[in-house]
Amino acid sequence: MKHRALLPLLLSACCMYSTTAMAKEVQLFNDKGFWSGPLQTVANAARADGINLKISPYANAEQYKTFIQASVASGRTPELFTWWTGASLNTLAATGQLAPLGALWQEMEADGRFQPGVKELFSVNGQPYAVPLQLSRWVVLYDKRVFARLGLKPPASWAELQTVAARIKAAGQTPFLATTQDGWRGFIWFQELLLRTDPKAYTGLNNGSVAYDSPAVRNVFRIWSDMYAKGWFSDPRSNEEINDFVRGKGVMYLFGEWAVGLLDKAGFPLKELGVFILPNAPGVQQPAIIVEGAPIVASRKGLANPEVMKTLRFWVSNQGAQTWGKASGNYIGNDKIAAPNALISQVNTQLAQKRHTLFLRLWESVPSTLQGEMVAEFNRFMLKPDMSTAQHVMQRMQSLNAAYWSKRKKP
Amino acid sequence: MQNLSPQELAWIATARPPTPSPLRWGKTLCGLALALLWLLPFSYVLLAIFKSSAEYAASAPLSLPASAAPLLDNIRMAWEQAGMAQAMLNSTLYAGIGAALAVLLAAMAAYPLARMRFPLRNLWFLLLFAGTVFPFQMYLIPLFFGFQWAELLDTHLGMCLLYTAICIPFPVLVLRNYMQNLSLEIDQAARLDGASELILFWRIILPNLRGPMSAVFLLQFTWIWNDMLFSSVLGNSPETRSIMNALLVFQGSYAQSGPNIMLTAAVLASLPTLLLFVLLRRQFMQGLRVS
Amino acid sequence: MNPLMQHDQQLLARIGLAHIKARERARQRRQLRVALRFMAPALLLVGGLLLLPVLYNIWLSFTQWQLFEGRDDFAGWQNYIQLSDNPYFDEALGNTALWVVASVLFPLSLGLGMALLFRRMPGQEWFKSIIFLPRILAPTAAGVMWYYVYAPQGMLNQMLGVFTNMPVETGWLFEEQLVTPAIILAFVWQSCGLVMVLLLLGLAALPRDPLEAARMDGAGPWPLFRHITLPLLAPTLLMVVILSVLAGFTVFDLLWVMGANYPQQRTLSLAVFMYFEAFQKNSWAFAAATAVVIGGVVLAVTWLQTLLQARADRMVR
């Protein structure tokens with residue numbers, strides 16, 4: 001009898017499963033569930049232009065990656081979806097399934113909406129394959145109140161950075177906030193220190209020409225463990241990085257600009273938040289900054305679909321970028337409109353004053369099959385930041401790196 | 001004293017005269033110490049779920065909460081942030097349908113295996129039983145791509161099908177053993193009356209199997225309820241997540257909520273099976289005995 | 001009897017026998033049809049969703065399938081050779097071995113001790129329920145609980161702080177030497193109850209005669225246990241050992257939840273390693289090979305169990 005009662009339940013389960021597609025709808029597949037609200041706001045705004053955009057978020061990055069891979073392998077690549085820049089984009093473009101977007105970028109740059117150089121982040125071998133979902137520069141956010149109390153100014157040189165950190169430590173606070181939360185953050189300080197001390201090695205590291213146990217890398221680990229020894233970093237085991245900053249567990253926070261929105265939500269007063277670009281070490285002249293670009297890509301089939309191209313054009317338009325910026329606090333590189341918040345416009349001004357070379361994050365630059373292992377090794381160092389751990393970490397990373405490049409051509 | 005179970009009566013009846021008291025006291029103390037040790041993590045959890053986030057951060061883990069009031073707030077936050085309403089519904093659906101269907105289909109399959117003679121009977125049985133010998137790791141990749149291909153990924157139907165399949169082999173084994181022990185005479189009589197095999201199975205055999213069937217149903221229900229692995233691979237969207245997977249995702253992405261909220265979520269997710277166990281302890285134990 | 005008649009009778013018997021055999025075969029075919037109708041749904045589900053995937057997984061482990069590349073290129077034993085070169089696989093294998101040993105040793109000795117302790121104790125139902133209670137929790141929920149017990153500002157460090165009279169902030173789930181033992185402790189807490197209950201069931205089913213006879217002969221409690229109870233309990237013990245080996249070998253949920261912050265999580269066990277390779281690195285073929293290795297060991301253990309069980313049963317009889 002029990003089973004008879006269950007039958008309607010099963011039937012209703014089957015109904016939940018079947019869905020019907022609407023005509024002329026364009027689906028944006030993504031793994032950014034946390035931005036579903038803001039993305040929907042953009043979709044609503046697009047409706048006025050006769051665009052029927054549906055936001056289709058996937059549960060997590062791993063499952064999403066797998067979904068896209070399986071679709072590409074079976075020739076059913078989605079028409080419009082988000083992806084990652086750098087090595088991941090290279091691999092995806094190599095399948096030949098992505099639509100080249102050169103014509104669209106010409107429009108985007110012609111009227112001065114996008115600065116030259118942004119395109120590069122979304123290109124493979126000079127051919128653009130994506131438009132920006134967001135563009136974050138990696139900068140140091142700091143608590144203005146602490147700086148004011150101690151009479152400190154944002155450091156303009158490597159030596160000033162040391163002084164600022166030492167003064168904050170002497171005042172009984174922790175200068176830098178850095179954790180291993182969520183397992184991916186380990187590369188943040190490594191990439192920055194390497195870029196500031198030896199930008200050539202940073203590029204070389206990611207194309208296989210510089211080893212992970214080379215002197216440049218060893219030097220970074222020495223500086224890094226030295227900073228740990230001085231007590232300049234917060235407890236790496238914390239799982240509440242954003243809240244920790246609000247609570248003052250670290251005064252300076254090296255992160256992507258997208259953290260500003262999260263800090264705002266966590267209750268940090270934005271007018272007390274300052275920003276500076278980490279200065280170069282002595283001997284390094286060229287100003288540089290790490291950027292993170294999240295791309296939206298289209299398939300070749302999507303290129304032929306006028307609805308898809310209409311959607312992309314709306315996304316990079318002033319109206320589209322403005323709606324997205326207001327809803328999510330994200331910047332996509334469109335400079336014709338006001339920046340989503342004061343901190344982003346401050347960074348824009350600084351970058352406009354002096355030409356900076358843009359470098360992709362390590363996460364995007366490292367071969368995608370090594371991402372997880374490399375980041376885990378950096379985390380391992382952060383939890384036990386001495387040189388003997390560093391030695392072992394460098395060895396392990398180099399053996400993985402060597403195994404990867406032994407099967408491929410270095411440039 | 002009136003509530004003694006037959007088991008307890010039996011133990012009392014066979015009990016030896018009391019051993020000399022120091023040894024007995026020692027044993028009781030030992031038992032008490034073990035029980036306390038086992039309850040210690042629970043006590044920590046029970047204290048934590050009555051604390052507000054600020055209180056938890058400020059106080060020592062084993063200190064007493066100031067009042068019981070924050071519990072409701074914790075429950076509300078855990079319930080909303082972890083998407084527990086949907087996840088509870090999903091898990092009820094999976095565990096209810098999966099376990100019920102699996103036990104029913106297993107009983108159907110066990111019937112001929114126990115009570116009919118046909119060629120290669122043992123081979124058919126081994127084929128079904130083979131479903132229990134492989135580790136789950138061997139199913140994950142093929143199922144993921146199979147579900148993707150069949151468009152069953154992240155659907156309730158797919159999850160129900162999978163849980164049903166996984167829960168079939170064990171009840172087949174148990175129910176086959178039970179059916180073999182039922183007397184064959186009832187079959188003969190019914191067949192002489194011209195009853196079809198289906199009627200025989202439905203009217204005569206099934207009613208005799210209520211005990212073992214409910215016992216294995218309970219075991220399989222609990223297993224599906226507690227599963228996280230398959231949901232995290234095959235049904236990870238917020239709409240299809242199982243309760244334990246929702247708990248895992250909650251811990252991963254909302255660790256910021258604080259331990260008190262996380263622990264409240266863990267308790268909420270475990271309550272249904274804990275209640276089942278407390279209410280139906282005898283059936284659970286019977287389930288263990290039959291296995 | 002006249003030979004002709006004898007021959008006739010034999011002929012008749014043979015015809016009859018052939019006839020009976022034919023009828024029996026027809027009956028069996030009919031029975032098979034009916035039986036298949038009863039078994040069809042179960043066979044379809046088990047075959048389609050469990051057995052077919054296993055075969056597919058084995059095939060995959062011999063291909064080169066990775067990232068966007070196709071799955072058709074045959075790779076021979078390449079994935080298995082790669083396994084032996086991978087530094088993380090070695091560590092995962094070592095930790096898995098540790099898990100197998102620990103998950104037999106501790107739950108079995110503790111569970112047996114508790115079974116003997118609680119067996120004739122007043123209020124034993126309460127004790128048994130308390131020890132069994134953690135078993136009802138999902139490993140995921142138990143993992144979340146223990147995760148906070150072990151947290152740097154968690155319960156364990158606070159208690160240690162009280163005993164040592166200074167602040168303790170050990171990262172139990174962050175340090176290489178501590179993480180596996182710490183998770184094993186949570187596992188033991190969860191699994192002792194089941195082991196104890198199974199052993200109690202085994203103890204309750206023991207024949208009383210040999211025990212009584214030995215006791216009449218004046219055997220002390222230890223020789224009684226060592227020479228009578230233990231051998232009689234051998235089949236139950238064997239079953240519990242095998243269950244524990246398999247549980248320790250395939251442990252995943254606890255490690256996944258409690259090891260979430262451990263940088264080298266992939267080395268915590270083979271099951272975790274396989275999950276990382278498949279669903280984080282998308283090295284499908286390589287992960288499939290890992291799964292085959294896990295499956296091979298599990299099958300070997302199961303096969304060993306059937307062998308030993310048969311011998312143990314014979315011994316008892």
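The model is predicted, with local features needing pLDDT of at least 70 and side-chain atom pairs counting only at pLDDT 80 or more, while totals for chains, interfaces and linings use all residues. Residues are numbered from 1 along each chain as its sequence is written, and chains are lettered from A, with ligands numbered from 1, in the order in which they are written.

**The two domains of chain A**
- Chain A is assigned domain 1 (23-136 + 293-348) and domain 2 (138-290 + 362-406); such bounds come from an automatic or database domain assignment.
- Taken over C-alpha atoms, the domain centres are 28 Å apart.
- In contact here are 17 residues of domain 1 and 15 residues of domain 2 of chain A (contact: C-beta atoms, placed from the backbone, within 7 Å).
- On the domain 1 side, α4 (87-94), β6 (130-143) and α17 (342-353) of chain A give two or more residues each, and α17(A) gives the most, with 4 residues. Helices (H or I, at least four residues) and strands (E, at least two) are DSSP runs, numbered from the N terminus.
- That domain 1 side has 6 nonpolar, 11 polar and no charged residues. Nonpolar covers Ala, Val, Leu, Ile, Met, Phe, Trp, Tyr, Cys and Pro, charged covers Asp, Glu, Lys and Arg, and polar covers the others, Gly among them.

**Chain B against chain C**
- Here 71 residues of chain B touch 64 residues of chain C.
- Helix α2 (residues 21-48) of chain B gives the most to the chain B side, with 11 residues.
- By class, the chain B side splits into 56 nonpolar, 11 polar and 4 charged residues.

**Chain A against chain C**
- This contact takes 18 residues from chain A and 16 residues from chain C.
- α3 (61-73), α19 (371-383) and α20 (387-406) of chain A each supply at least two residues of the chain A side, with the largest share, 6 residues, coming from α3(A).
- The chain A side has 4 nonpolar, 9 polar and 5 charged residues.

**Inside chain C**
- UniProt (unreviewed entry) lists residues 93-305 of chain C as "domain: ABC transmembrane type-1"; annotations like this may be inferred rather than shown by experiment.
- Over residues 93-305, chain C is 77% helix and 0% strand, with end C-alpha atoms 22 Å apart.
- Helices α3 (residues 87-118) and α7 (residues 176-204) of chain C pack at about 45 degrees, their axes 7 Å apart. Axes are lines fitted to C-alpha atoms, for helices over the stretch in contact, and angles run from 0 to 180 degrees between N-to-C directions.
- α3(C) and α7(C) are therefore oblique to each other (under 35 degrees is roughly parallel, over 145 roughly antiparallel, 65 to 115 roughly perpendicular, the rest oblique).
- The residues of the α3(C) contact with α7(C) comprise 19 nonpolar, 5 polar and no charged.

Conventions. Contact = placed C-beta atoms within 7 Å.
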